[in-house]
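Me: Please walk me through this model by questions and answers, with the cut-offs spelled out as the terms come up.

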Amino acid sequence: MATYVININERTNTGKSLLGYLRSLGVIIEDETPKFNATTKKAFQEAKQGKVTRYNSFNDLLNEVR
């Protein structure tokens with residue numbers, strides 16, 4: 001049995017129809033890999049906890065980085 005990897009634009013009517021058809025046949029296997037790595041997940045958690053640095057302007061950010 002061959003395995004094919006195809007990209008389908010789910011935002012179009014044609015893409016939605018094709019995905020619905022493939023799902024109804026039971027032949028579609030969707031990628032279950034995590035969307036974010038551990039570092040990104042940690043950054044999201046810190047942002048939710050309020051551990052962020054805020055600046056009034058982009059120039060303020062640049063002045064601190066330099």
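**Helix, pocket and overall shape**

Me: Which residue just after α1 takes a positive phi?
Reply: This is a predicted model, in which local features need pLDDT of at least 70, side-chain atom pairs count only at pLDDT 80 or more, and totals for chains, interfaces and linings use all residues. Residues are numbered from 1 along each chain as its sequence is written, and side-chain values use heavy atoms, with hydrogens and water left out. Helices (H or I, at least four residues) and strands (E, at least two) are DSSP runs numbered from the N terminus. Just after α1, a positive phi of about 75 degrees is taken by Gly 26.

Me: How many helices and strands does the chain have?
Reply: From the N terminus on, the elements run α-α-α. The secondary structure of the chain therefore comes, under the DSSP run definition, to three helices and zero strands.

Me: How far apart are the end C-alpha atoms of helix α1?
Reply: The expected span of a helix is 1.5 Å times one less than its number of residues. For the 13 residues of α1 (residues 13–25) that rule gives 18 Å, which agrees with the distance between the end C-alpha atoms, 19 Å.

Me: Which residues of α1 are buried?
Reply: Buried means under 20% relative accessible area, exposed over 50% and partly exposed in between, with a 1.4 Å probe and protein chains only. On the other side of α1, Asn 13, Thr 14, Lys 16, Ser 17 and Ser 24 are exposed. The buried residues of this helix are Gly 15, Leu 19 and Leu 22.

Me: Within what arc do the buried residues of α1 fall?
Reply: Buried in α1 are Gly 15, Leu 19 and Leu 22. Seen down the helix axis, they line one face of α1, because they fall within an arc of 65 degrees. The arc is that of the directions from the helix axis to the C-beta atoms.

Me: Is Leu 22 buried or exposed?
Reply: Leu 22 lies in helix α1. Its relative accessibility is 18%, so Leu 22 counts as buried.

Me: Is Ile 6 buried or exposed?
Reply: Ile 6 lies in the segment before α1. With a relative accessible area of 56%, Ile 6 is exposed.

Me: Which residues are the closest to the centre of the largest pocket?
Reply: The largest pocket has a volume of about 670 Å³. Its lining has eleven nonpolar, two polar and four charged residues. Of the 17 residues that line the largest pocket, the closest to its centre are Tyr 4, Ile 6, Ile 28, Ile 29 and Glu 30.

Me: What radius of gyration does the chain have?
Reply: The C-alpha atoms fill a box of roughly 55 × 25 × 20 Å, taken along the principal axes, and buried residues make up 5% of the 66 residues. The radius of gyration is taken over C-alpha atoms, and the globule rule is 2.2 Å times the number of residues to the power 0.38. A compact globule of 66 residues would be near 11 Å, but the chain has 21 Å.

Notes. 1 Å grid on protein atoms, 1.4 Å probe; cavity = no way out; pocket = protein on both sides within 12 Å on 5 of 7 lines; lining within 4 Å. Points joined across faces, edges and corners; volume = space filled by probe spheres on them. Nonpolar A, V, L, I, M, F, W, Y, C, P; charged D, E, K, R; others polar.
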